[in-house]
Amino acid sequence: TQSLRETLKEVIPRKQEQLKKLKLEHSQAVVGEVKVEHILGGMRGLKAMLWEASVLDPNEGIRFHGLSIPDCQKVLPSAPGGKEMTAESMLWLLMTGQVPTVEQSRELSRELAEKGDLPAFVEELLDSLPANLHPMTQLGIGVAALNRDSKFQAAYEKGMKKSEYWTYTLEDCIDLVAKLPALAARIYRNVYKPGTDLAPIDKNLDLVGNYSNLLGFGNNQTLTEYLRLYIALHGDHEGGNASAHTSHLVGSTLSDPYLSYSAALYALAGPLHGLANQEVLRWQLAMQEEIGTNVSHDDIKAYLWRTLKGGQVVPGYGHGVLRKPDPRFIALQEFCQSIPELKQSSIIQLVNKTFEVAPDVLKEHGKTKNPYPNVDATSGCVLYHYGLTEFKYYTVIFGVSRALGAVTQLVWARALGLPIERPKSYSMDALEGLIKN
Ligand code: CMX
């Protein structure tokens, strides 16, 4: 059976050829235009990045190498005894464009588990951080510190060839993904369960199985399966979103994967991006507290208007690219509907009811280009239902997941020899000058 490295060695030359041909034959082809609205509007919709693993369609949502979420749910291997796709199956698909066999996916699980322990100095560093430092800040610190052992950086210092960049990058990326559960779980323990023991990493478990175990939820199979689905689904969302783009930008300077992904985490930590899942729960719980559990559609409508009239955004709704309900939201909702206990949960019912009302209210409000829910509208509720109630921690789980896509692109960017990013900027005066000419 072919390993991940062997598969990549086969796939990469084909992609390198494809890039060569694109450069040679189509360098001057026009695929869009740059308008002032792009420069003033956060570059929304501007076609300006190469990103291999996934492409986001405004109506259909995300496709990973052409596979939709339901496709992935059908074909990607699950963990022993489970049904949901595993993080390593998704990682394999993102990296290679191929669906791994069960054996390949299990082998990758084993490698990740074997590399999962943290260096002692990183454990000590995390243990020294104050419990009131946001868990996302801690995660970024931990990930950056792992770069002491960067194989890419060490090889760069020795003077490796450009053609070898991707191999060392890949080793760092695998090490980084392997260590995320221990890192993220140690932060959870330190902040919320001080003094308790952390389980050792089980070499026979998949990445998320171990993560759930380390968090202290290993006995809850439903939550573990939910986490597998959640982490696979959040893995990649093409390249322009703030976290993926940050990792790509920093990586383009040949900073190693640890520094690149640490930077990405701080983009994910913003309330308009990954922090939204923490905000959704805070907002839904405040709604529950204000109007009770047995709420009517009219109650929710009134609450939504109070949020909007207060000048706030409705968290979990809207998107920079999507123009329909997020298929990741749908997949997580379907998971909830398939488990009777979750179907009965008051917080999950409230999320559902909000979904029945919010799009019309947002349409009437008339600002957002997308009045539908994104994945964050529901992702925290199952965690909350099963007792993972510390919602400041939720973005950390997103952070464990988003590494899958970010590290994939780091490997591809080095394999394809992509250059340092350096777009052109203008002052308003200079822009006015451009417009006049
Ligand atoms: N509630 C209220 N107003 C909203 C809104 C929402 N959920 N979503 C967008 N708008 C407003 C914007 O603030 C903007 O208002 P101004 O013109 O006053 O600045 C206007 O509608 C147009 O915005 P847009 O083009 O539709 O959306 P953007 O591409 O600028 O922003 C996003 C996208 C996600 C930041 C925005 O929809 C938002 O703030 N949503 C709530 C936060 C959220 O759920 N974020 C998570 C996104 C998924 C993720 O990255 O994890």
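**Helix packing and local details**

Mentor: Helix 15 and helix 18 are oblique to each other. Keep in mind that this is a predicted model.

Trainee: At what angle do helix 15 and helix 18 pack?
Mentor: About 45 degrees, with the axes 9 Å apart. Oblique covers what is left after the parallel, antiparallel and perpendicular ranges, and 65 degrees is where roughly perpendicular begins. The crossing of helix 15 past helix 18 is right-handed.

Trainee: Which residues meet there, from helix 15 and from helix 18?
Mentor: Helix 15 brings His297, Ile300, Lys301, Leu304, Trp305 and Leu308. Helix 18 answers with Lys353, Thr354, Glu356, Val357, Ala358, Val361 and His365. By class, that contact has seven nonpolar, three polar and three charged residues.

Trainee: Now helix 18 and helix 19. How do their axes cross?
Mentor: At roughly 165 degrees, and they come within 9 Å. Helix 18 spans residues 346-365 and helix 19 spans 376-385. The two are therefore roughly antiparallel to each other.

Trainee: Left-handed or right-handed, helix 18 past helix 19?
Mentor: Left-handed. On the helix 18 side, the contact is made by Ile347, Ile348, Val351 and Phe355. On the helix 19 side, Ala377, Thr378, Cys381, Tyr384 and His385 make it.

Trainee: How many nonpolar, polar and charged residues are in the contact of helix 18 with helix 19?
Mentor: Seven nonpolar, two polar and no charged ones.

Trainee: Switching to the ligand. How many residues surround it, and which are closest?
Mentor: 21 residues surround the ligand. The closest are Ala276, Gly318, Lys367, Thr368 and Lys369. The shell divides into seven nonpolar, ten polar and four charged residues.

Trainee: What about helix 10? How many of its residues are buried?
Mentor: Nine of its nine residues, 207-215, so to speak end to end. The buried residues include Leu207, Tyr211 and Leu215, along with the polar Asn210, Ser212 and Asn213.

Trainee: What covers the buried residues of helix 10?
Mentor: The cover includes helix 4 (87-96), helix 5 (102-114) and helix 9 (165-192). Helix 11 (221-233) and helix 20 (394-415) are also part of the cover.

Trainee: And just after helix 10, which residue takes a positive phi?
Mentor: Gly216, at about 95 degrees.

Trainee: Where is Glu238 found, and is it buried or exposed?
Mentor: Glu238 is in the loop between helix 11 and helix 12. Glu238 is buried, because 21 other C-beta atoms lie within 10 Å, and 20 or more is the cut-off for buried.

Trainee: Where does Leu254 sit?
Mentor: In the loop between helix 12 and helix 13. Leu254 has 16 C-beta neighbours inside 10 Å, so it counts as partly exposed.

Trainee: Last one, Leu67. Which loop is it in?
Mentor: The one between strand 2 (61-64) and helix 3 (69-75). With 18 C-beta neighbours inside 10 Å, Leu67 counts as partly exposed.

Trainee: How far apart are Leu67 and Lys151 in space?
Mentor: 32 Å, C-alpha to C-alpha. In sequence they are 84 residues apart.

How values were computed: Residues numbered from 1 in each chain as written. Predicted model: local features only at pLDDT ≥ 70, side-chain atom pairs only at ≥ 80, totals over all residues. Axes fitted to C-alpha atoms, helices over the stretch in contact; angles between N-to-C directions. Helix = DSSP H or I, 4+ residues; strand = E, 2+ residues; numbered from the N terminus. Parallel < 35°, antiparallel > 145°, perpendicular 65-115°, else oblique. Left-handed = near helix turned anticlockwise from the far one by under 90°. Contact = placed C-beta atoms within 7 Å. Near = placed C-beta within 6 Å. Buried ≥ 20, exposed ≤ 12 C-beta atoms within 10 Å, placed from the backbone.
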